[in-house]
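This report describes a group of neighbouring strands for a reader new to the structure. Please view the sequence and the model below before reading on.

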Amino acid sequence: MGKVLVTGAGGFIGGHLVKSLIATGHNVRAIDIKPLNEWFQVENSAENLISDMRDTHSSAKSCDGIETVYNLASDMGGMGFIENHKAECMVSVLINTNLLEAARKSKVERYFYSSSACVYNGTKQQYSNVTALKESDAYPADPEDGYGWEKLFSERMCRHFREDYGIHTRIARFHNVYGPNGTFYGGREKAPAAICRKIALAKKSGHHEIEVWGDGEQTRSFMYIDDCLTGIDMILKGEYIDPINLGSSELVSVNRLVEIVESIAGIKVKRNHDLTAPQGVRGRNSDNSTILSEFGWEPSISLQTGLESTYKWIYDHIDEVD
Ligand code: NAD
């Protein structure tokens with residue numbers, strides 16, 4: 001097995017991916033822009049490097065001697081971040097562009113790109129009881145402003161590097177990934193982590209009241225990290241070349257998400273709905289017919305099961321919150 005590169009290795013998904021690659025005997029170069037003491041997980045047997053993939057020279061060096069690239073590096077966060085930092089989100093285009101160029105020059109064999117359900121056309125996501133999104137729903141293009149445009153452009157960049165230079169690019173459109181060892185405070189956290197944090201704080205303080213963004217009737221599907229890792233591995237090794245959904249098809253409202261976390265925490269909270277807070281699209285779900293027909297598999301870990309370990313990890317780390 002040749003050496004693999006994971007960018008964004010200090011982040012949530014990258015940290016879990018490095019851990020699983022090391023556990024399966026891979027030789028891993030792990031790169032993130034953050035200082036090592038801010039990485040969620042550090043594997044000592046990986047080659048851990050602090051480097052900025054927006055920089056052409058650094059990204060060129062990152063691919064030296066690499067057989068497979070997993071590009072998970074991105075300046076991103078939940079709705080609270082991406083609605084208010086569109087330029088920062090779009091600058092991540094430099095990361096994927098530089099890495100594809102570097103991969104081409106270093107004759108990398110396979111290249112995985114982590115795209116997002118934010119590429120989907122907004123007009124198909126206007127109702128809570130949304131029809132699940134199939135891959136073709138990304139066009140005609142009307143993605144999430146900023147972040148979604150960057151992802152859609154980068155997907156096409158992967159496609160053209162594959163067509164023109166023969167790099168085996170593989171692209172997954174992640175739908176809301178959650179689990180332990182990820183961001184749960186500070187402004188970049190996503191709904192599952194934010195709800196777990198709020199309920200854990202309510203439990204610890206005895207003040208059983210939380211703020212919920214929007215009326216709570218907006219819907220999403222949430223994929224547990226273990227399913228995400230299984231899917232990445234299949235897609236990377238498989239022969240399916242177009243962008244493919246990697247998400248759960250268990251559609252829930254944010255109010256239902258709160259109920260599940262309440263039951264895990266063993267408390268009931270009063271919900272104060274902030275109707276002016278960022279909410280993103282009204283409804284979004286993953287149509288899994290392509291992944292099922294191509295791989296005979298789809299993410300299946302239930303939200304209840306995944307939230308149990310996520311809530312516990314956040315509860316155990318809640319003292320980090322100011
Ligand atoms: P994350 O923010 O936890 O991890 C991303 C990491 O990239 C961070 O540690 C960050 O420091 C690093 N990074 C940012 N800019 C960099 C740069 N210039 N050079 C090197 N490293 C840099 O996010 P995540 O949840 O682990 O997401 C990983 C990937 O999956 C991202 O591309 C994200 O857009 C995509 N994605 C995630 C989700 C999700 O629900 N978590 C959904 C859709 C897509």
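## Strand β5

Strand β5, residues 110-116, is mostly covered, with seven of its seven residues buried. Here buried means under 20% relative accessible area, exposed means over 50%, and partly exposed lies in between, with a 1.4 Å probe and protein chains only. Helices (H or I, at least four residues) and strands (E, at least two) are DSSP runs numbered from the N terminus.

R110, F112, S114 and S116 point one way from β5, while Y111, Y113 and S115 point the other way, and all are buried.

## Basis of the model

This is a predicted model, in which local features need pLDDT of at least 70, side-chain atom pairs count only at pLDDT 80 or more, and totals for chains, interfaces and linings use all residues. Residues are numbered from 1 along each chain as its sequence is written, and side-chain values use heavy atoms, leaving out hydrogens and water.

## Partners of β5

Two strands pair if DSSP finds at least two bridges between them. Strand β4 (residues 66-71) runs parallel to β5 and is joined to it by four bridges; Y70 stands opposite F112 in β5.

Strand β6 (residues 168-174) also runs parallel to β5, through seven bridges, and Y111 stands opposite T169 in β6. With helix α6 (residues 147-165), β5 and β6 make a right-handed β-α-β unit: with the strands pointing away from the viewer, the path from the first strand over the helix to the second runs clockwise.

## From β4 to β1

β4 is mostly covered, as five of its six residues are buried. Five bridges join β4 to the parallel strand β1 (residues 3-7), where L5 stands opposite V69 in β4.
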